Amino acid sequence: MTRVISVFLPTLSTDRVRRKTGDAAPPPDAPLILVGRDGRRRVVLAADAAAQAAGLRVGMPATKAQALVQGLVIQDADPTADAEALERLALWMLQRFAPIVAADPPDGIIIDSTGADHLHGGEAAMLATLVEKLAGVGLRARAAIADSWGAAHALARFSIQPGYISEPGKAVVDVSRLPIVALRLAPDLVDGLRVLGFDRIGDLLAQPRAPLALRFGPELGRRLDQATGRIAEPIEPTRPETLIEVRRAFAEPIAAAETIARYIGKLAAQLCDALEQKGLGARRLDLICHRVDNRAQALRVGTGLPLRDVKRMTRLLSDKIETIDPGFGIEIMTLTATVAEPLAPKQAVSSLVEEPEPDVSGLIDLLANRVGEKNLYRMAPVPSDVPERSVRHIPALAPETGVEWPGHWPRPSRLFAHPEPIDTVALLPDHPPASFTWRGVRRRVKRADGPERVFGEWWKRDPELDAVRDYFRIEDDAGERYWVFRAGDGEDPLTGSQRWFLHGIFG
């Protein structure tokens, strides 16, 4: 089933203006509006959050807005610059989230997330990551996932929740509660429907279509069918000239998995030739299959290192053929290197001189595209004395960071993400536990080593100014070894709660 994400950027135009530097930048705290002409009138075309909080709305006369809000900053709208910013944002999302992304003017992005959400940890994680990334660059966004463009567009703009996920097959129920303006109808058509007493989309769905079409034309029925997913609304993906893409059209539509796999191999060979001419290797590959019913099926695979090997490309893509629904047949297939990086020729190692280094990149790519890129990683040290902050996840094939863990104090092979509380019998302030109870089981301590005192990072948070931990390596009567600590120095309550915790297990 098709799944579509609609991203609504209510203050895209004003956010673009606020990112200007120098004298062109408006005061950071002043409400801002952008104005343009509607016939002979100057009206508000965009308003930032501060201006909206002050009661200003799009479509309001500029003179009235200026009279209502003191200190209002007024600038001329630039629709061309807004459209260019939206296209750049669509390209940014194309490279990071899904193969099919398009601008939804004037203030939105539409994404076909089918087959790509698992790479981000599922739909909920993908939606949260998308909104978080946009917030990181200063863009306020609302987003929704639904079965169709129309439903996602309506839910992103008119749902109470800023990040709404419509369950598959529930689009009709979800959009029924929304106002009729969510159908992307012309303003005069919305006004005409309201005169007749229609306020919600559900009111229209309950009516016979023929009288509505006779009075308002076919547009109303088309928008209703698009919102409920009865008819397809194809997304024309963003395709900048810099993308390396190969394409094959078929005289007769294809549907068999074996045929699709064969043409994947041919497209991969063409793409590798194009990449070689530019000295590049693919880091992200998108295969889009255009069906005869005007729907598109897409799949995405990523690689840990730049790739220009036909066999590996074909294997990665063919491994996901079962996710492609050919319908009544595929008439066009395109393969794109959405993200490409420089890849210089490499001298092959001769077995007569030295043994070649084992290459596990192919296995890592295969696993990462099955379980998700975020679920396959390796650990890297971080310069920090606090144990839970001294490690981070990095991509499996990322280069070495150059940082090493300190070797003067051993660390457990299994470090808990969150220390678990334990009950202990210990002589304060410097002695290790004589026994401890963890997860309902009491253990007697036979050997212990410590304490190792770890101080809080006071430069990060004020409460850590006096905080300390005393760590001990202990061994119970069964030979199991644990890493425990006391929060505090055992005397001063300002240094910690004086409670004991289990933080890791030695192998």
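This is a predicted model: local features need pLDDT of at least 70, side-chain atom pairs count only at pLDDT 80 or more; totals for chains, interfaces and linings use all residues.
I begin with the pocket. The largest pocket holds about 1,100 Å³ of space, and its lining consists of 36 residues. Those nearest the centre are Phe8, Leu45, Val58, Pro106 and Asp107. Several elements each give two or more residues to this lining, among them helix H1 (12-18), strand E3 (41-47) and strand E5 (100-104). Helices H6 (149-158) and H8 (187-195) also belong to that group. The largest share, five residues, is supplied by H4, a helix that spans 79-96. By residue class, the lining of the largest pocket has 24 nonpolar, three polar and nine charged residues.

Helix H8 deserves a separate look. Which residues of H8 are buried? They are Leu189, Val190 and Leu193. These three lie on the same side of H8, because they cover an arc of only 100 degrees around the axis. After H8 comes glycine 197, which has a positive phi near 95 degrees.

I turn now to the salt bridges. The whole structure contains 34 of them. In one, arginine 469 pairs with glutamate 388, and the closest N and O atoms are 2.9 Å apart. Arginine 469 sits in strand E18 (468-476) and glutamate 388 in the loop between strands E13 (377-381) and E14 (391-395), so this pair ties together parts that are 81 residues apart in sequence. Glutamate 388 is partly exposed, its relative accessible area being 29%.

A second pair also involves E18. Arginine 447 and glutamate 475 form a salt bridge at 3.3 Å, N to O. Because arginine 447 belongs to strand E17 (441-455) and glutamate 475 to E18, the bridge ties together parts that are 28 residues apart in sequence. How accessible are the two partners? Arginine 447 is exposed, at 54% relative accessibility, whereas glutamate 475 is partly exposed, at 21%.

Two further cases complete this part. Glutamate 457 forms a salt bridge with lysine 460, with the closest N and O atoms 3.0 Å apart. Glutamate 457 counts as buried, because its relative accessibility is 3% and the cut-off for buried is under 20%. There is also a network of salt bridges that links Arg184, Glu219, Arg222, Arg223 and Glu233.

Finally, the backbone. As a general rule, most residues other than glycine have a negative phi, and most peptide bonds are trans. Where do cis peptide bonds occur here? One joins leucine 428 and proline 429, with omega about 5 degrees. Proline 429 is placed in the loop between strand E15 (414-426) and strand E16 (433-438). Another runs from glycine 450 to proline 451, with omega near 5 degrees, and proline 451 is part of strand E17.

Positive phi values are found at two arginines I wish to mention. Arginine 184, a member of the salt-bridge network, has a phi near 65 degrees and lies in the loop between helix H7 (171-176) and H8. Arginine 439 has a phi near 55 degrees. Its place is the loop between E16 and E17, and at 56% relative accessibility arginine 439 is exposed.

Technical notes: Residues are numbered from 1 along each chain as its sequence is written. Side-chain values use heavy atoms; hydrogens and water are left out. On a 1 Å grid over the protein atoms alone, a cavity is a set of points where a 1.4 Å probe fits but cannot get out, and a pocket is an open set with protein on both sides within 12 Å along at least five of seven lines; lining residues have an atom within 4 Å of a point. Grid points are joined across faces, edges and corners, and a volume is the space filled by probe spheres set on the points. Helices (H or I, at least four residues) and strands (E, at least two) are DSSP runs, numbered from the N terminus. Ala, Val, Leu, Ile, Met, Phe, Trp, Tyr, Cys and Pro count as nonpolar, Asp, Glu, Lys and Arg as charged, and the others, Gly among them, as polar. Buried means under 20% relative accessible area, exposed over 50%, partly exposed in between (1.4 Å probe, protein chains only). The arc is that of the directions from the helix axis to the C-beta atoms. A salt bridge is a side-chain nitrogen of Lys or Arg within 4 Å of a carboxyl oxygen of Asp or Glu.
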